[in-house]
Amino acid sequence: MFEKVKKNGTEQLGKTNRIVEGTSIVGDIVSKADFRLDGELIGNFTSQGKIVIGAKGSVKGEIICNNADIEGVFHGKIKVLEILNIKSTAQIHGEVAVGKLSIEPGADFTATCTMLTHSNPVIMLEDGKGTEE
């Protein structure tokens, strides 16, 4: 009588992956859910959700996601389709492409920045790779 209709993206609400301080990953991460990184990632990160790089976290590589908060260190290329929040403790070096950008005073922002005019959300393919809709 009542059918449960699966809503797009809502099955991942409230689910956050976490890499804790003291953990180092070399390789690529693909996630449909939000992600918090307080450790180290050397590689690429793709997500349909939000990534938070904590104050002790660092990433060297490429990030593609819908939203991001950065408190730690990032070296590489980042594409945030919606909002990138850069906190006062952050160090950003490389290339940045964003829909909207917020930088707190005190942040180290040494990057080229491109504002995206029209962005499609990141969609995960069957092979685990991210693409834009």
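1. Let's start inside the fold: Ile70 is found in strand E9 (helices, H or I with at least four residues, and strands, E with at least two, are DSSP runs numbered from the N terminus). Please keep in mind that this is a predicted model, in which local features need pLDDT of at least 70, side-chain atom pairs count only at pLDDT 80 or more, and totals for chains, interfaces and linings use all residues. Residues are numbered from 1 along each chain as its sequence is written, and side-chain values use heavy atoms, leaving out hydrogens and water.

2. Is Ile70 buried or exposed? With a relative accessible area of 1%, Ile70 is buried (buried means under 20% relative accessible area, exposed over 50%, and partly exposed in between, with a 1.4 Å probe and protein chains only). Setting aside residues up to four places away in sequence, Ile70 touches Ile53, Ile78, Leu84, Asn85, Ile86, Lys87, Ala90 and Ile92 (a contact means heavy atoms within 4.5 Å).

3. Leaving out neighbours within four places in sequence, Phe74 is in contact with Val59, Gly61, Ile63, Gln91, Ile92 and His93. Lys60 is 14 residues away from Phe74 in sequence, while their C-alpha atoms are 6.0 Å apart.

4. Now for the overall make-up. The protein has 0 helices and 14 strands. Of its 133 residues, 31% are buried. The exposed surface comes to about 7900 Å², with carbon and sulfur atoms supplying 50% of it (Shrake-Rupley areas with a 1.4 Å probe, where for residues only the protein chains shown count as cover). Among contacts between residues at least 6 apart in sequence, 10% join residues at least 24 apart.

5. How do the strands on the E4 side pair up? E4 and E7 run parallel and are joined by 3 bridges (two strands pair if DSSP finds at least two bridges between them); in this pairing Arg36 stands opposite Val52 in E7. E7 also pairs with E9 in the parallel sense, over 4 bridges. There, Ile51 has Ala68 in E9 as its bridge partner.

6. E10 and E11 pair in the parallel sense over 12 bridges, and Asn85 stands opposite Ser102 in E11. E11 is in turn paired with strand E12 (residues 108-115), again in the parallel sense, over 8 bridges. Gly94 faces Ala111 in E12 across that pairing.

7. Two serines deserve a check for polar contacts. Ser31 belongs to strand E3 (residues 29-31) and is buried, with a relative accessible area of 7%. The side chains of Ser31 and Asn17 are joined by a polar contact of 3.0 Å (a pair of N or O atoms within 3.5 Å; within protein, one must be able to donate a hydrogen and the other to accept it, and residues adjacent in sequence count only if both atoms are side-chain atoms). Ser47, in strand E6 (residues 45-47), is buried at 0% relative accessibility. The side chain of Ser47 reaches the backbone oxygen of Ser31 at 3.1 Å, and a polar atom of that side chain also lies 3.1 Å from the backbone oxygen of Ala33.

8. Last, the cysteines. How many disulfides does the structure hold? The number is 0 (a disulfide is a pair of cysteine sulfur atoms within 2.5 Å). Cys65 is buried, with a relative accessible area of 0%, whereas Cys113 counts as partly exposed at 34%.
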